[in-house]
Amino acid sequence: MSVYDHYRGSEREFVDSVLNWIDHVEATYTFKLTDFLDPREQQITQELVGSKCALFFEGGFEGAERKRAILAPDYYEYNADDFDISIYRIHYPTKFVELSHRQVTGTLLNVGLKRAKFGDVIIQDQVQFAVADEVATYIEANVERAGKTKIRLSRVDAEDRLKVKDQEWEETLGFVSSLRFDTVVSEILGFSRQKAQALIKQGESKVNYKVVDDSSFMLEEGDLLSLRGTGRVKLIAILGSTKRDRIKLQYGILKG
């Protein structure tokens, strides 16, 4: 059985990247620092690395979701500075403007950054985000507005970094006729399959942090769904089938 048999076809390119990172460490006896990885990519990396080499993750914030990875020889001594992460705070007129996660992410993408070059965006009593050091100077020179709002950036010291809030999931059970994306979305959100298909085809629904606009996409246990305007849902377990061949699901809906 090939290593690729354990992953979706759409994940093959990333699997190849991880295998190349492992080869680099084994051939050069030096560590490999990656870009920011989403949780699914972190999971794949952990599965492929196994005991082949040392593996560490860091996202800049306590409880961060997106993290850079270091793959290293077993004798490597962990050093947080090796992750090359900078944290910035966005200063803006808070009395008149409210920035959203989508606006901040869009701002960074619009100046030409790839999503893998910045990590979490945290919005609490202030707005902070993590970036790879190699693009920090570029960001400082090019990010001046978020939408129509003029902003200013400042670097955040380690002791002033925000902490990512713990996620709370409301778990429930449901029954579906298949694991098609539109069928599961229809069950979870409680509206027609046609409306679910329309939501998916808008191109703003994600599975494991990647946009999926194919209504017939087949979901698997452990998948995380991000649905525009409705939040996040994770498929916790597939609990078998009923006598009428309906699939029993346990899923969680992110509170808040």
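Two strands are taken as paired where DSSP finds at least two bridges between them. On this basis, the predicted model contains an open sheet of three strands, ordered S1-S3-S2 and paired in the antiparallel sense. Strand S1 (32–37) and strand S2 (54–58) form the edges, each pairing on one side only. From one strand to the next, the twist averages 20 degrees. The pairing of S2 with strand S3 (residues 67–72) is antiparallel and extends over five bridges. Within this pairing, Leu-55 has Leu-71 of S3 as its bridge partner.

Two helices pack on this three-stranded sheet. Helix H1 (residues 12–28) touches S1 and S3, and its direction makes about 155 degrees with that of S1. Helix H2 (residues 39–49) touches S1, S2 and S3, with a direction at about 165 degrees to that of S2.

A further open sheet is formed by four strands in the order S5-S6-S4-S9, again with antiparallel pairing. Its edge strands are strand S5 (118–123) and strand S9 (152–155), each of which pairs on one side only. The twist in this sheet averages 25 degrees from one strand to the next. Strand S4 (residues 85–91) pairs with S9 in the antiparallel sense over four bridges; Leu-153 in S9 is the bridge partner of Ile-90. Helix H3 (residues 101–110) packs on the four-stranded sheet, where it touches S4, S5 and strand S6 (127–132). The direction of H3 makes about 150 degrees with that of S5.

Packing between helices was examined for H5 and H6. Two packed helices are described by the angle between their axes and the distance between the axes. For helix H5 (residues 181–189) and helix H6 (residues 193–201), the angle is about 115 degrees and the axes lie 8 Å apart. Angles of 65 to 115 degrees count as roughly perpendicular, and H5 and H6 are therefore roughly perpendicular to each other. The crossing in which H5 passes H6 is right-handed. On the H5 side, the contact is made by Phe-181, Asp-182, Thr-183, Val-185, Ser-186 and Leu-189. The H6 side contributes Arg-193, Ala-196, Gln-197, Leu-199 and Ile-200. By residue class, the contact of H5 with H6 comprises six nonpolar, three polar and two charged residues.

Notes
Residues are numbered from 1 along each chain as its sequence is written. This is a predicted model: local features need pLDDT of at least 70, side-chain atom pairs count only at pLDDT 80 or more; totals for chains, interfaces and linings use all residues. Side-chain values use heavy atoms; hydrogens and water are left out. Axes are lines fitted to C-alpha atoms, for helices over the stretch in contact, and angles run from 0 to 180 degrees between N-to-C directions. Angles under 35 degrees count as roughly parallel, over 145 as roughly antiparallel, 65 to 115 as roughly perpendicular and the rest as oblique. A crossing is left-handed if the near helix is turned anticlockwise from the far one by less than a right angle, and right-handed if clockwise. Contact means heavy atoms within 4.5 Å. Ala, Val, Leu, Ile, Met, Phe, Trp, Tyr, Cys and Pro count as nonpolar, Asp, Glu, Lys and Arg as charged, and the others, Gly among them, as polar.
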